[in-house]
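User: Let's take a close look at one part of a protein model. Please keep it plain and go step by step.

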Amino acid sequence: MSASIYILNGPNLNRLGTREPATYGKTTLADIESMCRDVGEDLDLDIEFRQSNVEGILVDWIQEAGDVAQGLIINPAAYTHTSVAIHDAIRTAEIPTIEVHLSNVFAREAFRHHSYVSPVALGVICGFGATGYRLALEALSTVIRP
């Protein structure tokens, strides 16, 4: 039976491909979703892929994932640096969670160096562009099926 993995994406990621391509690349969120579905199929993972610009919706989806999924991958985008609500939702979801960022946040502005998500994540992958999602899926697969 397939394991369910939620992949949640935060604000402005719907603009990938056109938003700051020098930083985020030209890959669109639809491209990333397609790649995640292909990788998920190879790993026998059922992928639920979503994006919202609204913090409260992301919190609702994290709670939903905690009720029905075996793992969570989240790119909280700007909410990484501001959201105690997302931190608390991940903590209470009690499922393995991997934080993903397309860019290397530590090579960018100082305010991006702090994450409210990292302390409640199993791991963090940043700086590898869209490949980070594939790496996160592979890592979660090994964690939920030791």
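Is tyrosine 24 buried or exposed?

Analyst: Tyrosine 24 is buried, with a relative accessible area of 13%. Buried means under 20% relative accessible area, exposed means over 50%, and partly exposed lies in between, using a 1.4 Å probe and protein chains only. Note that this is a predicted model: local features need pLDDT of at least 70, side-chain atom pairs count only at pLDDT 80 or more, and totals for chains, interfaces and linings use all residues. Residues are numbered from 1 along each chain as its sequence is written, and side-chain values use heavy atoms, leaving out hydrogens and water.

Where does tyrosine 24 sit? It is in helix α1, residues 21-24. Helices (H or I, at least four residues) and strands (E, at least two) are DSSP runs, numbered from the N terminus. Now look at its contacts, meaning heavy atoms within 4.5 Å. Setting aside residues up to four places away in sequence, tyrosine 24 touches Leu16, Arg19, Leu102, Ser103, Arg108 and Arg112.

UniProt, in an unreviewed entry, places the feature "active site" at Tyr24 and His101. The two span 78 residues in sequence, yet no two of their C-alpha atoms are more than 9.5 Å apart, so they gather at one spot. The lining of the largest pocket includes both Tyr24 and His101. UniProt positions are in the numbering used here, feature names are shortened, and annotations may be inferred rather than shown by experiment.

What is a pocket? On a 1 Å grid over the protein atoms alone, a cavity is a set of points where a 1.4 Å probe fits but cannot get out, while a pocket is an open set with protein on both sides within 12 Å along at least five of seven lines; lining residues have an atom within 4 Å of a point.

Turn to the partner. Histidine 101 lies in strand β4. It counts as buried, at 5% relative accessibility. Leaving aside neighbours within four places in sequence, histidine 101 contacts Asn75, Pro76, Ala77, Thr80, Ile125, Cys126, Gly127 and Phe128.

Take asparagine 75 next. It sits in strand β3, residues 71-75. Asparagine 75 is buried, with a relative accessible area of 2%. Beyond its neighbours within four places in sequence, its contacts include His101, Leu102 and Tyr133. Leu8, Asn9, Gly10 and Leu13 are also in contact with asparagine 75.

Arginine 112 has another setting. It is in the loop between β4 (97-101) and β5 (123-126). At 15% relative accessibility, arginine 112 counts as buried. Not counting residues up to four places away in sequence, it touches Tyr24, His81 and Val105.

Two packed helices are described by the angle between their axes and the distance between the axes. The axes of α2 (residues 29-42) and α5 (residues 131-144) come within 10 Å and cross at roughly 25°. Axes are lines fitted to C-alpha atoms, for helices over the stretch in contact, and angles run from 0 to 180 degrees between N-to-C directions. The two helices are therefore roughly parallel to each other. Angles under 35 degrees count as roughly parallel, over 145 as roughly antiparallel, 65 to 115 as roughly perpendicular, and the rest as oblique. Where do they touch? Ile32, Met35, Cys36 and Val39 in α2 meet Tyr133, Arg134 and Leu137 in α5.

A second pair follows. The axes of α3 (residues 55-68) and α4 come within 8 Å and cross at roughly 5°. So α3 and α4 are roughly parallel to each other too. Residues of α3 that meet α4 include Leu58, Val59 and Ile62.
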